[in-house]
Amino acid sequence: MKIGIIGAGNIGGNLTRRLTALGHEVSVANSRGPHTLTQLAAETGATPVAVTEAARGAEVVVVTIPLNAVPGLPAGVLDGAADGLVVIDTNNYYPQQRDGRIAGIEDEGLTESRWIERQIGHPVVKAFNGTYAQDILDRPLPAGDPARTALPVAGDDEVAKAKIRALIDELGFDTVDAGGIDDSWRQQPDTPVYGLRAGVAEVTKALAEADPERPAAFRG
Ligand SMILES: NC(=O)c1ccc[n+]([C@@H]2O[C@H](COP(=O)([O-])OP(=O)(O)OC[C@H]3O[C@@H](n4cnc5c(N)ncnc54)[C@H](OP(=O)(O)O)[C@@H]3O)[C@@H](O)[C@H]2O)c1
């Protein structure tokens, strides 16, 4: 599959490593330009590109940058993608440490992913947001292994969500359907499932136990 990755940090870098290892054709972009990604490219075989080129021809685009950088992505950043593009959103809102206060999330009560959809003008599938970046490299296991980690995946489009769940299975993780984007508060920071390293049953239970109230530590 042709996959574009916007963000080459902890998560974007490790997704680049694993997805190229699986044989996917990965284009990867950061904020400073492709000349700063030569090492990652040499290591993985991914193609370093400008952010405006990351989505070109891609079936899947991963947006994995600090949440407060999302509104600054260039207009038309997803133009030129393949038909049926699915966008994965891995991002989290850290108002006190990183992102500052975002009114759409705090005052309108939008989930973080719904807010991101409005910024980029495209639906998203929320995945990996509660996954430690290093676990993407360290914890893949074959399907059926009782120790396999499960990741929650939320999205409104069932076809898009199924596609991303299949990709995550290929990456070595089970998934749990966490509902639509309006339900995705269940996997935001400080919820029981956030950072949980467990299988399908425990992840399902943790999603059910989430509290819809935004925790004080994650209010701006
Ligand atoms: N770290 C984790 O374990 C983890 C786990 C789950 C979810 N997340 C979430 O996933 C997102 C990414 O986290 P991370 O830890 O991977 O971040 P990170 O290590 O800080 O990397 C951020 C990346 O985004 C790039 N970037 C920033 N602004 C950009 C822009 N305008 N256009 C293109 N690229 C841009 C940066 O490029 P430059 O270096 O060139 O500026 C860098 O490659 C965050 O929202 C985070 O909350 C992180």
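**Figure 1. Contacts of Ala-127 in the predicted model.** Leaving aside residues up to four places away in sequence, Ala-127 touches Ile-88, Thr-90, Leu-151, Val-153, Ile-164 and Ile-168. The model shown here and in the other views is predicted. Ala-127 belongs to the loop that runs between β6 and α6 (133–138). With 26 other C-beta atoms within 10 Å, Ala-127 counts as buried, because the threshold for that class is 20 or more. One of its contacts, Val-153, is 26 residues away in sequence, yet the C-alpha atoms of Ala-127 and Val-153 are 5.0 Å apart in space.

Figure 2. Eight strands, in the order β3-β2-β1-β4-β5-β6-β7-β8, make up an open sheet with mixed pairing. Its edges are β3 (47–48) and β8 (174–177), each of which pairs on one side only. Strand β4 (residues 60–63) pairs with β5 in the parallel sense, over 4 bridges. In this pair, Val-61 stands opposite Val-87 of β5.

**Figure 3. Helix α5 and its buried residues.** In helix α5 (residues 112–120), the buried residues are Glu-112, Ser-113, Arg-114, Trp-115 and Ile-116. These buried residues pack against the strands β5 (86–89), β6 (124–126) and β7 (150–155), and against helix α4 (103–106). Just after α5, Gly-121 adopts a positive phi of about 70°.

**Figure 4. The shell around the ligand.** The ligand is surrounded by 27 residues, and the closest are Gly-7, Gly-9, Asn-10, Asn-30 and Asn-91. By class, the shell comprises 13 nonpolar, 13 polar and 1 charged residue. Helix α1 (residues 10–21) supplies the largest share of the shell, 3 residues.

Figure 5. An unreviewed UniProt entry lists residues 2–93 as "domain: Pyrroline-5-carboxylate reductase catalytic N-terminal". In the predicted model, this span is 21% helix and 22% strand, and its end C-alpha atoms lie 28 Å apart.

Key
Residues numbered from 1 in each chain as written. Predicted model: local features only at pLDDT ≥ 70, side-chain atom pairs only at ≥ 80, totals over all residues. Near = placed C-beta within 6 Å. Helix = DSSP H or I, 4+ residues; strand = E, 2+ residues; numbered from the N terminus. Nonpolar A, V, L, I, M, F, W, Y, C, P; charged D, E, K, R; others polar. UniProt positions renumbered as here; feature names shortened; annotations may be inferred. Buried ≥ 20, exposed ≤ 12 C-beta atoms within 10 Å, placed from the backbone. Contact = placed C-beta atoms within 7 Å. Pairing = 2+ DSSP bridges.
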